[in-house]
Amino acid sequence: MISPRLRHSGALGRSDRLLGLALVTPAVILLVALVAWPLVRIFHDSLFALRLTDQAPGLFIGLENFLYALEDRDVRRAMWVTLGLTLITVPGALVLGLLLALAGNINFRWRWPIRLALLLPWVLPMSFTGMIFAWFFNSDYGVINDLLRRMGYQPVAFLLSPGWAFFSVVVAVTWKTSSFVALILLPGLQTIPQSLYEAANLEGASRWQRFCHVTLPLLIPAIVVALIFRTLSAVQTFDIPYAMTQGGPGQATQTLAMLVNTVSMEYLDIGYGSSLAVLLFLMSLIISLPYLVHLRRSV
Amino acid sequence: MSNTQKTRQFFSNVFASKALLWLIVALVLINGLFPVMWIFLTSLKTEIELTATPITWLPQQASLVNYQQAFSEQPLLLFLGNSLAIAFLSALLALVISIGAAYAFARLALPKAGLLLVGLIALAMCPPATLQVPLFEMMRSLGLLNTWLALILPNAVLSLPVCILVLVAFFKSLPESLEHAAMLDGCSRLSALWRIVLPLSLPGVITAGTLAFVNAWDEFLLALVLNAAPENRTLPVGILFYQGEFTFPWPLISAALIVGIVPLVVLIAFSQQRLVGNLTAGGMKG
């Protein structure tokens, strides 16, 4: 922000403040029109019995959609899938991402292949990742089963049994998102002053001790940011299971975001779909709150 | 020496060795590149070779016939063009809007600036799945369904906060005296932004633009809902249509995936050095 001295010196006149408002306005208008207004709409629509095919306005039913959602087995299952995916893939991606970041931080002559290996999973679209891993885990021609056979194990019909399909989606999500975590942690690693390691070295700290007492504590802020963004995107998981398993077998890998899509765009039940969208929004709001509070303090 | 000390000693010796370094590098390369490599190898195999057991790792007779067929069976070139245009225009729109907003936040005392910035970011962290129905109805009533614009607008908006955060950090890192000097020479604020600030923060602009491009290239759910017409499909949605009801032509799908990955590799080659360092400035989506 602007320093108090400048503010009082008159360097920032009224015209500057007006220019500032004018420059922010397009962003505000677009966000209000395309995000805030839709949010108002889902809160509104969630109180109605409303179908996309209806011409007439829907019937006001209060919180009945939400009460129904509490008892809906599909909703409960989708909640568990979403929660399970979040609780497994977020720590998983954090550990794998930390390892990748540490490896990426090694001073190595061939940086370009390593950078490519770190960046490629991150830029790869989620839907591509889903398809690639569906092929990986294919029962007959997948490379994973080929490896299992070569090691003398029976092949597994990964995408055909509920438990294994969930496992396969977990692997794909963890792989795809660990590279994002690594990219957040890597600059954090690079800002740790070398002198701290040298000091720890003089005191006879082992590599492991240096990692625990120097690297990890100084990396905490970057880890927190990575965790919040990762958790937020895990709650919204849609593309990977959609492209990989279509939510199946049965509904074993159907997340809440997928259920919102199915209920709204396939069953065309806008009222009920909106109430599920409200639940999804509230979940992601709760997760992003710590980050927003942190951001509010730092600006 | 106690047992735990011995173990630690052993591990620190191992970690110090060159062999382990090579092992780590190899694991990182395999982890990052093998899945895409595997799809590439698949794309060179024929359907007959693909259904042979045990499976072959390297294609016996590598051929590009799948690529030819991938382009002829579905309008892959059209999907590619749609994706490129939509991602590029989304990034451009996001950049134009966020450069102005970020400059206002960095330099021009906005009332309640902190609250405003956090509010904008809070909005854009909203899951696309919650917005799909209202956006569908909005685009339908505006007559924008199945147009590029229906995707460009939300893509740009959802990238705004990341772009704004990256650019605010960049603008703040430049000394304000530069603009004051330019303004003493008769420049207005805006022309100082255009002539002095922007050229100096080019790395930040490239980073923000890349982030917005990647977000738009990746976007799938809204593309599925708002843009289902064949002639406007983006790549992630278009690739779904190679599947028949009971058929799954993996060599064709693999070829199409590789075609969709090539622009990303070009993007990495172009901006990797800036990207790795500048990404955290704004935080981003995973």
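Tutor: Happy to! Start with one aromatic cluster, formed by Phe133(A), Phe136(A), Phe137(A), Phe158(A), Trp164(A), Phe167(A), Trp175(A), Phe34(B), Trp38(B) and Trp57(B). Keep in mind that this is a predicted model. Over all chains, a search of the whole structure finds 24 aromatic pairs. Let us pick out one of them: Phe133(A) and Phe136(A) make a tilted pair, with 5.2 Å from centre to centre and 40 degrees between the planes. If you wonder about those two numbers, a pair of aromatic rings is described by the distance of the centres and the angle of the planes.

Next, think about the surface. Buried means under 20% relative accessible area. Phe133(A), at 3% relative accessibility, therefore counts as buried, and Phe136(A), at 6%, counts as buried too.

Now follow Phe136(A) to a further partner. The ring centres of Phe136(A) and Phe34(B) are 5.8 Å apart and their planes meet at 70 degrees, so this pair is edge-to-face. This pair crosses between chains: Phe136(A) is in helix α6 of chain A, while Phe34(B) is in helix α2 of chain B, residues 18-43. Phe34(B) has a relative accessible area of 24%, so it is partly exposed.

The charged end of Lys45(B) sits over the ring of Trp38(B), 4.9 Å from the ring's centre. Another example of a charge and a ring involves Arg233(B), which lies over the face of Phe241(B) at 3.5 Å from the ring centre.

An unreviewed UniProt entry annotates residues 20-41, 84-106, 113-136, 148-171, 192-217 and 250-270 of chain B as "transmembrane region". One of these spans, residues 84-106, is 100% helix and 0% strand in the model, with its end C-alpha atoms 31 Å apart.

To recap, Phe136(A) is a buried residue that forms a tilted pair with Phe133(A) and an edge-to-face pair with Phe34(B).

Technical notes:
Residues are numbered from 1 along each chain as its sequence is written. Chains are lettered from A and ligands numbered from 1 in the order in which they are written. This is a predicted model: local features need pLDDT of at least 70, side-chain atom pairs count only at pLDDT 80 or more; totals for chains, interfaces and linings use all residues. Side-chain values use heavy atoms; hydrogens and water are left out. UniProt positions are given in the numbering used here, feature names are shortened, and annotations may be inferred rather than shown by experiment. Helices (H or I, at least four residues) and strands (E, at least two) are DSSP runs, numbered from the N terminus. Rings of Phe, Tyr and Trp (its six-membered ring) pair if their centres lie within 6.5 Å; planes under 30 degrees apart count as stacked, over 60 as edge-to-face and the rest as tilted. Buried means under 20% relative accessible area, exposed over 50%, partly exposed in between (1.4 Å probe, protein chains only). A charge sits over a ring if NZ of Lys or CZ of Arg is within 6 Å of the ring centre and within 35 degrees of the ring normal.
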